[in-house]
Amino acid sequence: MSAPSKKPRAVLAHGIWGRGGAEAVAAWTLVALRERFDLTLVTRGSFDCEALNALAGTDLSPSDLRVLTLPARSRIGTIEAARFNRALATLGRAYDLRVSLSGVRRWNAPALHLLSARDWHPALAGQTGPRAKILRRVIDGPALGPRPDDTVIANSRWLAAASAPLCPGRVRVISPPVALAAVPGPIRDWATRREDVLIFGRIAPEKRIERAIAIVAHARAQGFRGRLVIAGPDGPPDYMARIRALIAGQNWIERLPPQSGAAKTALLGLLRYGLNCCEVEAFGIATAEMAASGMIPLVPRGTGQDEIVSAPDCRFSDEAEAARRLLALSRDAGLQSRLSAALRANVTRFAPARFTAALATAAADHLSADPTPQPEFSHDLSPA
């Protein structure tokens with residue numbers, strides 16, 4: 001009798017595990033690949049199965065994978081990021097499948113890269129000044145873009161279109177998994193929800209929290225009766241100081257800590273409206289979660305959130321229009337009912353089962369492709 005065949009080996013990389021949308025997608029990627037592959041996760045730290053399951057709605061177990069944590073040797077983040085990338089270029093050769101869980105990594109071999117935001121490349125993030133170029137050369141070497149034989153997966157058509165000019169191969173689109181989109185059964189009765197607005201997720205400059213505060217303030221000045229609830233982890237200290245100053249003394253603004261698990265579900269079932277002012281949002285998992293819970297999110301036009309929120313009544317171009325949209329929505333019970341039902345029906349296509357199936361197919365397609373010979377990658381910092 002022949003010995004049973006071993007699973008192919010996959011190595012997956014994610015630097016520091018935060019508690020945001022990119023980590024939720026990374027968690028579901030592990031779920032998608034654990035049956036077929038022997039998984040090894042390489043990280044710089046903060047990987048926690050229990051916390052990740054609470055965030056993403058997954059059922060990961062420590063037995064599903066091996067975790068290789070590269071201990072820090074320096075307190076300087078740039079140096080540690082460069083060392084992490086150099087380690088991947090060496091480690092990757094021993095595996096059948098290499099996966100970058102957020103952004104593009106250098107593996108010195110064909111790899112699968114998941115893009116979750118425009119900042120995967122400095123040219124898209126607007127970081128093209130001399131300092132950004134020096135940092136890029138230190139961390140990533142002279143070439144950041146993927147190889148022709150890599151598989152690149154964007155989380156939205158919006159991000160795929162922006163990234164395509166920097167990718168020599170095909171860019172596939174796989175929508176992120178939204179656990180709440182797969183939850184069956186009734187949602188909280190609309191009449192019992194509070195007439196309040198929710199900002200949900202990381203408190204960071206690109207999220208434009210100050211703009212959201214101004215929008216609700218303008219709507220309230222015109223007669224909107226709801227309050228503003230801001231829930232999410234703290235961002236950069238200087239930005240948090242600015243937001244705290246705007247909140248101080250405003251009894252119509254409530255600040256909550258990060259929410260996950262049952263607490264998150266309860267919060268999303270408590271309020272009526274959501275607001276996301278990020279103008280570079282590649283997808284918007286928090287927005288999709290709000291829609292899946294029956295809330296009505298308002299979003300800027302022209303971002304990846306358009307693929308979640310298609311109704312014109314939920315899109316805005318500036319603060320004045322957003323305030324008008326919010327006020328008009330609060331005064332039209334029929335519109336509220338129609339939008340809530342339509343949004344919830346639309347996000348069912350983001351159920352995790354669809355993501356895991358599509359990701360597994362992409363991995364199989366990647367392995368079946370003939371690799372294109374590429375030169376070895378080197379962190380040579382001499383002028384290109």
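Me: What makes the pair Asp 365 and Arg 172 a salt bridge?

Reply: A salt bridge is a side-chain nitrogen of Lys or Arg within 4 Å of a carboxyl oxygen of Asp or Glu. The side chains of Asp 365 and Arg 172 meet at 3.1 Å, N to O, so the pair counts as one. Asp 365 belongs to helix H13 (residues 352–368) and Arg 172 to strand E7 (residues 171–173), 193 residues apart. Helices (H or I, at least four residues) and strands (E, at least two) are DSSP runs, numbered from the N terminus.

This is a predicted model, in which local features need pLDDT of at least 70 and side-chain atom pairs count only at pLDDT 80 or more, while totals for chains, interfaces and linings use all residues. Residues are numbered from 1 along each chain as its sequence is written, and side-chain values use heavy atoms, with hydrogens and water left out.

Me: Why is Arg 172 called buried and Asp 365 partly exposed?

Reply: Buried means under 20% relative accessible area, exposed over 50%, and partly exposed in between (1.4 Å probe, protein chains only). Arg 172 has 18%, so it is buried. Asp 365 has 35% and is therefore partly exposed.

Me: What does the salt bridge between Asp 59 and Arg 34 tie together?

Reply: The closest N and O atoms of this pair are 2.8 Å apart. Asp 59 lies in the loop between helix H2 (49–56) and strand E3 (65–69), and Arg 34 in the loop between helix H1 (21–33) and strand E2 (38–45), so the bridge ties together parts 25 residues apart in sequence. Asp 59, at 51%, is exposed, whereas Arg 34, at 16%, is buried.

Me: How do you know that strand E9 pairs with strand E8?

Reply: Two strands pair if DSSP finds at least two bridges between them. Four bridges join E8 (residues 194–200) to E9, so the two strands pair, and they run parallel. Ile 199 has Ile 230 in E9 as its bridge partner.

Me: Which residues of E9 (residues 228–231) are buried?

Reply: Leu 228 and Ile 230 are buried on one side, and Val 229 and Ala 231 on the other. In a regular strand the side chains alternate between the two faces of the sheet.

Me: Why is Gly 226 called buried, and what is it in contact with?

Reply: Its relative accessibility is 0%, so Gly 226 counts as buried. Gly 226 sits in the loop between H7 and E9. Leaving aside neighbours within four places in sequence, Gly 226 is in contact (heavy atoms within 4.5 Å) with Glu 195, Asp 196 and Arg 220.
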